[in-house]
Amino acid sequence: TLHAASLLQPYPPVPPAPGQPKPVTTALNWGGGRHHAQRAQAGGFCYVNDAVLGCDMLRRKFGKVLYVDIDIHHCDGVEAAFDGTDKVVTLSFHKYEKGFFPGTGAPLGRHSKVNVPLPPGITDDLFLPLYSSAVSDLASAHASIGSPFGSVCLAVGADGLADDPIVGRDGWALSTRGLSSAVRSTCLLAKKLRLPLLVLGGGGYSDVNAARAFAACTVAACEGPREGVLARLPDRVPDHEHFPRYAPTF
């Protein structure tokens, strides 16, 4: 994550001339997004909170950071790390109910923390309009008070996909297409606002679902420099040695 963040560069005042190298404005690390680790303890499969370290590097390079998290579990470690500062604003979409890990993330919308708990079974049709509106409105609100964001960090969990084996049937019912569409909308907003974008991974406990989702989200993250590539992504998994594992939908 630190390496990915170090690659990011600001948008140039004018587009590069033909033949000139383009700045790196989007970087990905699907192995990142360990958002539960705390300052002095591990949590939720997370030993080092790379999301916090990445946001801190973004803050030092570009100023104020918008951290958006769409893992089904609340980003308790990231929220705690930046509690008391407005240099990193956290916007978390997650499941919140008694007994569901990590137990934090009650509805909140003040200062540098915005929590948006979502109900079990939420689908793409409900999630995507809410997500796009919330991210865009939050960015606009901070710009309107003279405190715009300088970069965006997005953590994407595949555990919000339907029937995740650890979350179970009481989880969300998002699809790969829905998750990648959320990444696409974030990428296009970052491009519109000329904000460098760092994309991280997260949970996801079906290896087949996670592989399919993160592949689609990688394409979606390219929408900034190459708008329209996600629409050209084939719906079918290409034939390869592990093809039978993608049954029955492929």
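What covers the buried residues of helix H5? Strand S1 (26-29), helix H4 (124-144), strand S6 (151-155), strand S7 (197-200) and helix H6 (207-221) are included in that cover.

This is a predicted model, in which local features need pLDDT of at least 70 and side-chain atom pairs count only at pLDDT 80 or more, while totals for chains, interfaces and linings use all residues. Residues are numbered from 1 along each chain as its sequence is written, and side-chain values use heavy atoms, with hydrogens and water left out.

**View 1. Helix H5 and its buried residues.** Helices (H or I, at least four residues) and strands (E, at least two) are DSSP runs, numbered from the N terminus. The buried residues of H5, among them Leu179, Val183 and Thr186, are those under 20% relative accessible area, computed with a 1.4 Å probe on protein chains only. Just after H5, Arg194 takes a positive phi of about 60 degrees.

**View 2. The crossing of H5 and H6.** The axes (lines fitted to C-alpha atoms over the stretch in contact, with angles from 0 to 180 degrees between N-to-C directions) come within 8 Å and cross at roughly 25 degrees. That makes H5 roughly parallel to H6, a term for angles under 35 degrees.

**View 3. Residues where H5 meets H6.** Contact means heavy atoms within 4.5 Å, and residues of H5 including Thr176, Arg184 and Cys187 meet residues of H6 including Arg212 and Ala216.

**View 4. The buried residues of H6.** Val208, Phe214 and Ala220 are among the buried residues of H6, and the buried residues of this helix pack against S1 and H5.

Methods: Buried < 20%, exposed > 50% of the residue type's maximum accessible area, 1.4 Å probe, protein only. Parallel < 35°, antiparallel > 145°, perpendicular 65-115°, else oblique.
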